[in-house]
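Work through the exercises below with the model open. Each task is followed by a solution in steps.

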Amino acid sequence: ESQPLIGTVGCVTRRKGLIFLVEALPIILRAFPLARVLSVGSPDNSDYQEAVLKRAEELGVTHALFFAGSRSDITSILDTIDLFVLPSIEEQIPVALLEAMSSEKPVIASAVGGIPECICHETDGLLVPPATPYALADAVNSLLSDPERRNQFAKKARQKVQQEFSAETQVARIEKLFHSLATRSSNDSTDLVG
C-alpha cells in the first residue's frame, strides 16, 4: 500500500496524454511519496517522449517515472500494477483499457471518445476531464487511499467487460444486427411488391 504502482499502456504519443499524468505526479507524490508510474508502449516519435521527460525533470519527478517500451507481456505487467490510468485526450474504444478492466484492475481514464462507453463513472471506475492534471491527481489519490473502493471498482470493471465487451457478447450483437437488417430488407421488398 505504501509503494503503489500506477500503470498506463499505449503508444507514447500526444493523444494518449501521458504528460498530464506526469503533471499530476507532484500532487500524487505528496500523498504517496513512494508511488511510481510505469508507462508501457513505444513512442510514436521521440519528440513527445522527450517532452514528457523534460516536463518530469522540470517538476522533479523523474525518479517516479519509468518507461518499459513496447512489451508483449501486457497481462503480466497488468498483474503487477495497483491502478491503471489512461489520460488520453483523444480515444475510441481503447483495447488497453478493456484489458486492464478484464484483469480486474481499478481504472481511471479521461472522459473522451468511446471511454465513457467502457467506464461508468463511480460504478466501475473513475472518469476525469481530459488534460486536467489536478482532477487526475485527485482521482488517483482518492483510489490509492481507499483499497476497498479500488477492489469494488476492479470487480465491477471485470464484470462489465465480460458482460458487454466479450467476444461472445459482440458476436451476439452483430448477429442480432444482421438479423434485424435482413428482416427490414425483407419487409421493404414486400412493401415494394404489395
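**Exercise 1: the cavity**

The largest cavity has a volume of about 60 Å³. The model is predicted: local features need pLDDT of at least 70, side-chain atom pairs count only at pLDDT 80 or more, and totals for chains, interfaces and linings use all residues. Residues are numbered from 1 along each chain as its sequence is written, and side-chain values use heavy atoms, with hydrogens and water left out.

Task: state which residues line the largest cavity and how they divide into nonpolar, polar and charged.

Step 1. A cavity is a set of points, on a 1 Å grid over the protein atoms alone, where a 1.4 Å probe fits but cannot get out. Grid points are joined across faces, edges and corners, and the volume is the space filled by probe spheres set on the points.

Step 2. One cavity of 30 Å³ or more is counted.

Step 3. Lining residues have an atom within 4 Å of a point. They are Thr8, Val9, Gly10, Cys11, Val12, Lys16, Leu18, Ser39, Leu86 and Pro87.

Step 4. Ala, Val, Leu, Ile, Met, Phe, Trp, Tyr, Cys and Pro count as nonpolar, Asp, Glu, Lys and Arg as charged, and the others, Gly among them, as polar. The lining then has six nonpolar, three polar and one charged.

**Exercise 2: Glu91**

Task: decide whether Glu91 is buried or exposed, and find which side chains its own side chain meets in polar contacts.

Step 1. Glu91 sits in the loop between strand S4 (83–86) and helix H4 (95–102); helices (H or I, at least four residues) and strands (E, at least two) are DSSP runs, numbered from the N terminus.

Step 2. Buried means under 20% relative accessible area, exposed over 50%, partly exposed in between (1.4 Å probe, protein chains only). Glu91 is therefore buried, at 12% relative accessibility.

Step 3. A polar contact is a pair of N or O atoms within 3.5 Å; within protein, one must be able to donate a hydrogen and the other to accept it, and residues adjacent in sequence count only if both atoms are side-chain atoms. The Glu91 side chain has such contacts with the side chains of Lys16 (3.0 Å) and Ser88 (2.6 Å).

**Exercise 3: Gly125**

Task: locate Gly125 and list what it contacts beyond four places in sequence.

Step 1. Gly125 lies in the loop between H5 and strand S6 (126–128). Gly125 counts as buried because its relative accessibility is 0%.

Step 2. With contact meaning heavy atoms within 4.5 Å, the partners of Gly125 are Val107, Ile119, Cys120 and Phe153.

Technical notes
1 Å grid on protein atoms, 1.4 Å probe; cavity = no way out; pocket = protein on both sides within 12 Å on 5 of 7 lines; lining within 4 Å.
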